[in-house]
Amino acid sequence: MNEIYMRRALELAKNGIGKVNPNPLVGAVIVKNGEIIGEGYHECYGEAHAERNAVKNAVEDVEGSTIYVTLEPCAHYGKTPPCVDLIIEKKFKKVVVGMLDPNPLVAGKSIEKLKNNGIDVIVGIMEEECKKINEVFLKYITEKIPFVVLKSGISLDGKIATVSGESKWITSKESREDGHFLRNGLSGIMVGVNTIISDDPELTCRVKNGRNPIRIVVDTNLRIPLESKVVKNNDGRTIIATTKRADETKKKNLINLGVKIIEVSEKESRVDLKELMVKLGQESLDSILIEGGGTLNFSALKEGIVDKVRFYIAPKILGGENSKSAIAGIGFSQLEEAVKLNNVTYRQIGDELVVEGYTKS
């Protein structure tokens, strides 16, 4: 029964995707006499946590009941009071926790406090599943840098455009829609300036009631056109990462248009991506989706900033030694240098294959 109720809490937690960053996704279920009497999840950043919403939604008194929560209840004052105090105040009999909170401000303190107040605690129910839905939070809260996903839509032979440059559309509408759900769940979307110059994308999220990610353009020499969509329609949500090479007048013009400029060091005559990740973390960006061209994609992999890769593979063969590939750059000279994926999963969308894996074990 513990797994049944925890699975329900996980389902609830996912309702917060795209709304709670950089907070974790959390769901809670209250059970009394074998019946669910209350449910809740963390609905929006800065608002009530899952436990408080579950108590608020309970159809009867929660005293003596069991609460199932995907993440250890918070023990510190943030934008809301500690949930562990609410659980003690409401006289719950038992707390079943999916995983401990890696946040140093919590990190087992709530478990200890609950036990000290005579409340039974079980930890580790469906722990791997709970960690999976909060992989972004787990990295950001411990390392203070974003969790990075590299995504690309490719032909069977790894191309992102034909030899003439045509790229719309290699993958299906269904695969592209699936990609927009990925955009909705992550805080930022990153491309190189060549993508802006050649395609002039909006980099928005087309999920109903979804959230547009912060747009990040990697632009070593500040070549971005002032009339590009990410500049004209930036709503204060466009960041350009550049270097000391940037023209000061153009930099001022972009700032006046509402664009944020982040200057970082150079590495091999390009923006230092590792330093950029640190600075983006300082901007409270907990996650980045890279949808760049082959050059940026290779640089990101080479610099080791990528945590997860997702490729949508269409059953098309484009050919052409000069047609653009998903991963370009100088490439790796030895097989042992190749980026190897772990925990790889496969699923199908229509006739297309989605391959996803992690760069770190």
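This is a predicted model: local features need pLDDT of at least 70, side-chain atom pairs count only at pLDDT 80 or more; totals for chains, interfaces and linings use all residues.
Where is Gly293 found?

**View 1. Gly293, in the loop between β13 and α12.** The strand on one side, β13, covers 287–290, and the helix on the other, α12, covers 294–302. Leave out residues up to four places away in sequence, and Gly293 touches Ile160, Thr195 and Ala326.

**View 2. Gly294, in helix α12.** This glycine is buried, because its relative accessible area is 7%, under the 20% cut-off for that label. Residues up to four places away in sequence aside, Gly294 touches Ile160, Ser325, Ala326, Ile327, Ala328 and Gly329.

**View 3. The residues annotated "binding site" in UniProt.** According to that unreviewed entry, the annotation takes in Gly153, Trp169, Thr195, Asp199, Thr220, Gly293, Gly294, Thr295, Leu296, Asn297, Phe298 and Ser299.

View 4. You'll find Asp272 in the loop between β12 (270–271) and α11 (273–282). What does the side chain of Asp272 reach at 3.2 Å? That would be the backbone nitrogen of Glu275. Setting aside neighbours within four places in sequence, Asp272 is in contact with Val264, Ser265, Glu266 and Lys267.

Conventions: Residues are numbered from 1 along each chain as its sequence is written. Side-chain values use heavy atoms; hydrogens and water are left out. Helices (H or I, at least four residues) and strands (E, at least two) are DSSP runs, numbered from the N terminus. A polar contact is a pair of N or O atoms within 3.5 Å; within protein, one must be able to donate a hydrogen and the other to accept it, and residues adjacent in sequence count only if both atoms are side-chain atoms. Contact means heavy atoms within 4.5 Å. UniProt positions are given in the numbering used here, feature names are shortened, and annotations may be inferred rather than shown by experiment. Buried means under 20% relative accessible area, exposed over 50%, partly exposed in between (1.4 Å probe, protein chains only).
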